[in-house]
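This report describes selected features of the structure shown below.

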Amino acid sequence: MKCVEVPKAYAEKTIRLLRKYGVLDTEHLITRRDDRIIIPLRDDKQVLRILADIPLEIISCEPPTRKRVKVRVPAHDVIGNIVIVRENVLEFMDKDELIRVLHTIYPRIRTIYLKKETTGEFRTAVLEPIWGIDDPITINKEYGLRFKIDLKKAYYNPRLAEEHRRIAKEVRDGERIFDLFAGIGGFSIHIASLHRSTIYMNDLNPYAVRLGIENIIINKKKIRGVIIPLCMDSSLIPKYFKQSVFDRVIANNPHYSHLFEHVYRYLLKDNGLLHLYFVSSTKECDSFLERYFSNWKLLRVRKVIDYAPYVFIWRADLVKP
Ligand SMILES: C[S@@+](CC[C@H](N)C(=O)[O-])C[C@H]1O[C@@H](n2cnc3c(N)ncnc32)[C@H](O)[C@@H]1O
C-alpha cells in the first residue's frame, strides 16, 4: 500500500487535508520514523494536488492495522438515551469513527448530537444531529430522581447532578429557599426530595418552568417538601416578595449572577446563605468576589465543573452582611 511521508511539523495539516478529501486510510495507523511522519493513504492519485504546498514523499508502506490499538473515546455527555459531543471533536476524529466508537460503548442510544454552543439568556444549546432521530426530549436520572429534558429549549447539564445533591444535603427541614435560576428544577426537586422545606423554583424561560412542573409531577412520590414554580425575571422579584424571609438563595446563572446582588440581599434573612455560581479562571476567582461581593462574608469557595480550558464554574457560599 501507499503512504505519504512528511516532516513532523507538517503532519497535523497533512492529516487534516487528507481527512477532508477522504483520502486518509483510517484502517491503518500513522507511524513515525525519526522526525518524519508516515500517513497511510486510501488512494494516492490526488495526493500531490491536495498537498500541493507540503514537502512530501509518496512511499510504499506496511503500517500496522488500527485494530491493534485502543479506541480513543472523546469527551461526551450521556443524557437519557442521547449522547452529546463538542463540535471540536471532529478536528481529531472522523465522523464515522466517532459514531462507531459511541455505538460500541452505548449500543442503545437513540441520538448523537454535536453541541455547537450555548446561547442567549436561557443558556440553551445549539445542537446538530449527527446520528439518529433529531428529538431533543429525553429523561435523565439523577440519584433516582427522573428529569424530563428538552435539550434545545431549556438548559440542562448532567454534570451538575452531584452539585444538586450536595446542596440538597446541606438544607435542613423547615427552610425557606429561593432557587432564582432553577432551569428544569434540579436543585429544587433534589432539595424537596430530602427535606420538608419550601422552595420557590423560578426561571425566566417558560419552557424550563413547564418542564420543572412536569418534573415535580414525575417525581411526586419522592417529594416531601413544597415547591412553588414561578416564571419571572429574577430582577423583579423584590417588587412581589417580602423582604428578609428566606434562609437560603441559590443563584445558578454563572455568567450573570453578579448582576443580582441587590435581589439576594433583599430576599435573605440576616445571616441567610447565598450559593453563588460564577464563571472564572483560578487566577481571577478572588478578584471577582472582591469586586462584586466584598461586603458579604465568604464561608467557602469551590470548583464545581470545568467550563473551558483553565476556566471553571465556581460556587461561593456567602452570608448576608
Ligand atoms: C445555568 S442555567 C440554570 C441551571 C439550573 N439551576 C440547573 O441546576 O440545572 C441558568 C438559568 O437562568 C435562567 N435565567 C436567565 N436570566 C434570568 C432571569 N433574569 N431571571 C430568571 N431566570 C433567568 C435561564 O433561563 C437558565 O435556565
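## Helix H5

Helix H5 (residues 186-194) is mostly covered, with eight of its nine residues buried. A residue is buried if 20 or more other C-beta atoms, placed from the backbone, lie within 10 Å of its own. Gly-186, Phe-187, Ser-188, Ile-189, His-190, Ile-191, Ala-192 and Ser-193 are the buried residues of H5. Helices (H or I, at least four residues) and strands (E, at least two) are DSSP runs, numbered from the N terminus.

## Basis of the model

The model is predicted: local features need pLDDT of at least 70, side-chain atom pairs count only at pLDDT 80 or more, and totals for chains, interfaces and linings use all residues. Residues are numbered from 1 along each chain as its sequence is written.

## The four-stranded sheet

Four strands form an open sheet in the order S2-S3-S1-S4, with antiparallel pairing; two strands pair if DSSP finds at least two bridges between them. Strands S2 (31-33) and S4 (57-60) stand at the edges, each with a single partner strand, so one side of each is left without a neighbour in the sheet.

S2 and strand S3 (residues 36-40) run antiparallel and are joined by three bridges. Arg-32 stands opposite Ile-37 in S3.

## Domains

An automatic or database domain assignment supplies the domain bounds: domain 1 (2-68), domain 2 (76-135) and domain 3 (155-319). The centres of domain 2 and domain 3, taken over C-alpha atoms, are separated by 28 Å.

Six residues of domain 2 are in contact with six residues of domain 3, contact requiring C-beta atoms, placed from the backbone, to lie within 7 Å.

Methods:
Buried ≥ 20, exposed ≤ 12 C-beta atoms within 10 Å, placed from the backbone. Contact = placed C-beta atoms within 7 Å.
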